[in-house]
Amino acid sequence: RYGVGVGADGKNWAGEAVIKRKVKWPRWKPTKEHLAVYPTLSKYKDEAMPGGPGNPLGARALYLFQGDQDTLYRIHGTIKPKGIGREVTSGCIRMLNVD
């Protein structure tokens with residue numbers, strides 16, 4: 001068993017998906033919803049934030065697909081472990097980087 005943090009969008013999603021992509025130190029691009037809440041992230045709206053210790057996706061990301069369609073949901077590490085076990089800001093599924 002693993003502790004996770006899931007955003008409201010992730011709780012609304014249902015269905016089966018498969019992991020079709022695994023990325024070490026993934027790049028991250030904020031969604032429109034993120035930009036509305038955190039306008040300081042606008043510097044990453046055109047060019048994604050490079051992977052690294054300050055990246056919200058953490059050290060690894062697993063990309064979920066339904067058929068050939070990217071669901072835009074990710075299972076990923078987090079730089080904010082206090083969010084594990086709580087609702088977090090996006091639809092992704094967050095785990096501790098060590099997991």
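What share of the contacts in the chain between residues at least 6 apart in sequence join residues at least 24 apart? It's 59%, with contact meaning heavy atoms within 4.5 Å. This is a predicted model, where local features need pLDDT of at least 70, side-chain atom pairs count only at pLDDT 80 or more, and totals for chains, interfaces and linings use all residues. Residues are numbered from 1 along each chain as its sequence is written, and side-chain values use heavy atoms, leaving out hydrogens and water.

View 1. Going from the N terminus, the elements read β-α-β-α-β-β-β-β. Helices (H or I, at least four residues) and strands (E, at least two) are DSSP runs, numbered from the N terminus. Of the 99 residues, 36% are buried; that's under 20% relative accessible area, with exposed over 50% and partly exposed in between (1.4 Å probe, protein chains only).

**View 2. The largest nonpolar core, nine residues in all.** Here you'll find Val23, Trp28, Leu41, Tyr44, Met49, Leu57, Ala61, Tyr63 and Phe65. Strand 3 (residues 60–66) gives the most to this core, three residues. Such a core is a set of buried Ala, Val, Leu, Ile, Met, Phe, Trp, Tyr and Cys residues joined through side-chain atoms within 4.5 Å.

**View 3. Tyr44 and its contacts.** Skip the neighbours within four places in sequence, and Tyr44 touches Lys29, Pro30 and Met49. Met49 and Tyr44 both belong to the largest nonpolar core.

**View 4. Arg21 over the ring of Tyr63.** The charged end of Arg21 sits 4.5 Å from the ring centre of Tyr63. To count, NZ of Lys or CZ of Arg must be within 6 Å of the ring centre and within 35 degrees of the ring normal. Tyr63 is also one of the residues in the largest nonpolar core.

**View 5. Trp25, a residue with positive phi.** Most residues other than glycine have a negative phi. Trp25 isn't a glycine, yet its phi is about 45 degrees. Look for Trp25 in the loop between strand 2 (18–24) and helix 2 (32–37). Its relative accessibility is 42%, so Trp25 counts as partly exposed.

**View 6. Leu72, another non-glycine with positive phi.** Its phi is about 70 degrees. Leu72 lies in strand 4 (residues 69–78), and it's exposed, at 62% relative accessible area.
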